[in-house]
Amino acid sequence: MGIMSKRLSHSTKYLNLVAATYKNSKISEEYRTLRTNFLSSIDLKENKVLIITSPNQGEGKSTTISNFAISLAQLGKKVLLIDANLRSPSLHNSFRTSNFVGLSSVLLGKTILDEVIVETETSGLSLLPSGPVPYSPADLLALSTMGILLNKATDKFDVILIDTSSALEFADAKILANYGDGLILVAQWGKTKNKEIAFAQKNLLNSIKILGVIINERK
Ligand SMILES: Nc1ncnc2c1ncn2[C@@H]1O[C@H](COP(=O)(O)OP(=O)(O)OP(=O)(O)O)[C@@H](O)[C@H]1O
Ligand SMILES: [Mg+2]
């Protein structure tokens, strides 16, 4: 579904942030094509807060959205990538930053947003790491402070990409859908079943507009 559906494939010999480290590689070109498809079909002024999920764990959400975020920033967009997968956070590792404070710390009122957003090596791309894994991720994400945080962030960034946990297993993506303008589903080629994609879509459809499905191929 969706104009932005795109099958991406890259070999495991590349780093997670291939779009930054191997700008001329075939896979970086694929991320740029994805970016082009995305920007030609979606108005960023109306779709500023985007949620990324997949039906199951490990289907490539974090890898796909990190590279997509890099390719958007390379075009001059001001991008904030938020690691809202408070169950299995990974973006601090990919971007090699610490995770002592982050989203969970802001939601708990322990610090403020400006203190925890980090600049990445890609100009224009900022990261909000997850912060410490909380006892009850879904309850934390449901706090009204999440909406306040996103309102503040939309003043400063052109687009906010929110990485979440898997949609069929956890309520997080559905909770975050309340704050988002659109949702992108990531599915893994050869692994994610059609009925799982359909089920995830059905489950989320009432809460948010589904912008498209990205098919990620692991080799
Ligand atoms: N296209 C790809 N080619 C090769 N390896 C990939 C590809 N996409 C993801 N991977 C690898 O697969 C693993 C899982 O990917 P990733 O962490 O992006 O999935 P995820 O959906 O975010 O997982 P989780 O549900 O745990 O958050 C990682 O080790 C990642 O490096
Ligand atoms: Mg992940």
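User: What makes strand 3 and strand 5 (residues 125-128) a pair, and how many bridges join them?

Analyst: In this predicted model, 4 bridges join strand 3 to strand 5, and the two run parallel. Two strands pair if there are at least two bridges between them, so 4 bridges are enough for the name. One of the contributing residues is Val79, whose bridge partner in strand 5 is Leu125.

User: How many bridges join strand 3 to strand 6 (residues 159-163), and what is the partner of Val79 there?

Analyst: Strand 3 and strand 6 also run parallel, and 5 bridges join them. Val79 has Val159 as its bridge partner in strand 6. The cut-off is at least two bridges, so strand 3 and strand 6 count as a pair.

User: Why is strand 3 called largely enclosed?

Analyst: Because 5 of the 5 residues of strand 3 are buried, the rest of the structure largely encloses it. Both of its faces are covered. Val79, Leu81 and Asp83 lie on one side, Leu80 and Ile82 on the other, and all of them are buried.

User: How do you know that Arg32 and Glu29 form a salt bridge?

Analyst: The distance from N to O between their side chains is 2.9 Å. The limit is 4 Å, so the pair qualifies as a salt bridge. Arg32 and Glu29 are 3 residues apart in helix 2 (residues 26-41), which means that about one helical turn separates them.

User: Is Glu29 buried, exposed or partly exposed, and why?

Analyst: Glu29 has 41% relative accessibility, so it counts as partly exposed. Buried would need a value under 20% and exposed one over 50%, and partly exposed covers what is in between.

User: What makes Asp172 and Arg87 a salt bridge, and where in the chain do the two residues lie?

Analyst: Their side chains meet at 2.7 Å, N to O. This is within 4 Å, so the name applies. The pair links distant parts of the chain, 85 residues apart. Asp172 lies in helix 9 (residues 172-177), and Arg87 lies in the loop between strand 3 (79-83) and helix 4 (91-94).

User: Why do Asp172 and Arg87 get the labels they have for accessibility?

Analyst: Asp172 is called buried because its relative accessibility is 0%, and the label needs a value under 20%. Arg87 is called partly exposed because its relative accessibility is 31%.

User: What makes up the largest nonpolar core, and what does Leu149 touch?

Analyst: The largest nonpolar core has 37 residues. Those with the most contacts inside it are Ile82, Leu103, Leu141, Leu149, Ile160 and Ile162. Leaving aside residues up to four places away in sequence, Leu149 touches Ile82, Leu103, Val106, Leu107, Leu113 and Leu128. A second, separate core has 27 residues, including Ala69, Ile70, Leu72 and Val79.

User: Where does Asn16 lie, and why is it called partly exposed?

Analyst: Asn16 lies in the loop between strand 1 (6-10) and helix 1 (18-21). Its relative accessibility is 40%, so it counts as partly exposed. Asn16 touches Thr63, Asn67 and Ser94, not counting residues up to four places away in sequence.

Technical notes
Residues numbered from 1 in each chain as written. Chains lettered and ligands numbered in written order. Predicted model: local features only at pLDDT ≥ 70, side-chain atom pairs only at ≥ 80, totals over all residues. Heavy atoms only, no water. Core = buried A, V, L, I, M, F, W, Y, C linked by side-chain atoms within 4.5 Å. Buried < 20%, exposed > 50% of the residue type's maximum accessible area, 1.4 Å probe, protein only. Contact = heavy atoms within 4.5 Å.
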